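Hello,

Here is the structure I promised to pass on. Please open it first, then read my notes below.

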Amino acid sequence: MACVSSPEPDDQALLAYIDGEAEPEVQSHVEQCPRCRQRAQQLAAVQHQLTARLYRALCPAPQELGEYHLGLLPPEQAEAVTRHLTECPHCAREIEQLAGYTEKLALSVESSLLERVREGVRVLVAKLVDGPGIGAMGRPALAAAHAGTRGEEREPCLYEVDGIQIVIGVQPDDERADSQAILGLVTGLDPRQVKAELWQANRLVATALVDELGNFAISGLAPGRYELSLSGPQIEIHIQDLEIGSQGRAYQGKRR
Amino acid sequence: MSHAAKQASLCLEDVAQRCALETDRFFRHQDYDPRYCFELLRRAIADRCQRAWDFVYTQYQPLVTSWVRRHAAFASCHEEAQYFVNRAFEKMWAALTPAKFDRFPDLKSLLRYLQMCVHSAILDAARATERAALLARPDAGIALADPEATSVENQALDRVQRQAFWKEISARLNNDQERQVMYGSFVLGMKPRALYEGSPDMFRDVTEVYRVKENVLARLRRDDELARLLLRDA
């Protein structure tokens, strides 16, 4: 079989053709020339054979990479992995994935609790004692600015633990259509350095500082199930399964 | 009696029960004591107690399942979560010898290692899937690996064989440029343009990368011994 027209592309041009990087005239030649197409296929087959045998042949196993990441490898082995990482984007990406993965798990509410318990922080779970469907009880009033914007039909919920009371109200977000805002008031606790965090599916959604009167607000929330935590230097209070409905109502969800 | 001495004096069933109780308190966001679970893991790993390990598995299997489901690559592996849970526990059991246990000062560090084992088990599968796709190409000249070939032991054996093959290739390379081109092209799977952009000091332009690749491939294709190696592994 002869080449259909000279000059016949050399192997270098055919390699570029296989990679999709050939000049247009080479591209067009190979498409019209059975001989050069066959040569390109043979070259591609050799490359595939080599790739199949060599691809990532020198990469450390995932377990070795993991132990490297955790600082558990002996120094010589760790040095070899460090050298490998400078030239292998695949392993560098896998290490990055591992770091992100363990960070994601560590960021979960459960893991952060583990840390805080170890640090001697009091971790408490507040219970719903008053709210829609529970019946009226004396509850602290939300700050005037908050109460003034609260819809009449959206009654706040009152949570309590260890003499600490938290009132949670929900109202449509003035800034964003279809979003809701939480207005909260905490009493029975020194509000200085207390931070409110809202979590959803183990992901931190929003953070707000509690002011000196115990008020806090979090806006831009989509309807859904959340967990609220209020954390100060020596205390952490959780309100679990806080459901925010599309009509701006907060209520205690069922435990899953 | 110190707390550690008290824990050591407890029977295995009591340690496991306290571990379950404390874990339950932890998930209810109540104050809890992690030392019983640490003691359970210590007996399993440092004392190599199989019964303790069975308790560890029972206790942590639901948590590990949740970790598997939250891994970004889990969905694309097309395996049941339970498969990776078992692989992760196997890896931890195999890798953490009594001598290594001293490097884990608390429960958190042990659970972090277990998380790493989950990641490692999922990556084994992800790498095997990627490689099976390469092997499956009709022009690769290699039969598609059967499912057994993706087991951890077979992967390790396969890695050794492939490293030996790279040594054969390396022995046929004449200089750093050739090594860079072959390593980048076939071990890392990079195209010549990316190779040039990654090492602009080594090559004048992309054409030079293609020229080096062409020369080496021509030499390897003329090499009878290499051809025999390729046929033997096929």
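In chain B, the axes of helix H10 (residues 176-187) and H12(B) come within 9 Å and cross at roughly 85°. That makes H10(B) roughly perpendicular to H12(B), a label for angles of 65 to 115 degrees. Axes here are lines fitted to C-alpha atoms, over the stretch in contact for helices, with angles from 0 to 180 degrees between N-to-C directions. Helices are DSSP runs of H or I with at least four residues; strands are E runs of at least two, and both are numbered from the N terminus.

This is a predicted model: local features need pLDDT of at least 70, side-chain atom pairs count only at 80 or more, and totals for chains, interfaces and linings use all residues. Residues are numbered from 1 along each chain as its sequence is written, chains are lettered from A and ligands numbered from 1 in the order written, and side-chain values use heavy atoms, without hydrogens and water.

Gln17(B) lies in helix H2 (residues 12-27) of chain B. Gln17(B) is exposed, at 56% relative accessible area.

Chain A has eight helices and eleven strands. Of its 256 residues, 50% count as buried.

Best wishes

Conventions. Buried < 20%, exposed > 50% of the residue type's maximum accessible area, 1.4 Å probe, protein only. Parallel < 35°, antiparallel > 145°, perpendicular 65-115°, else oblique.
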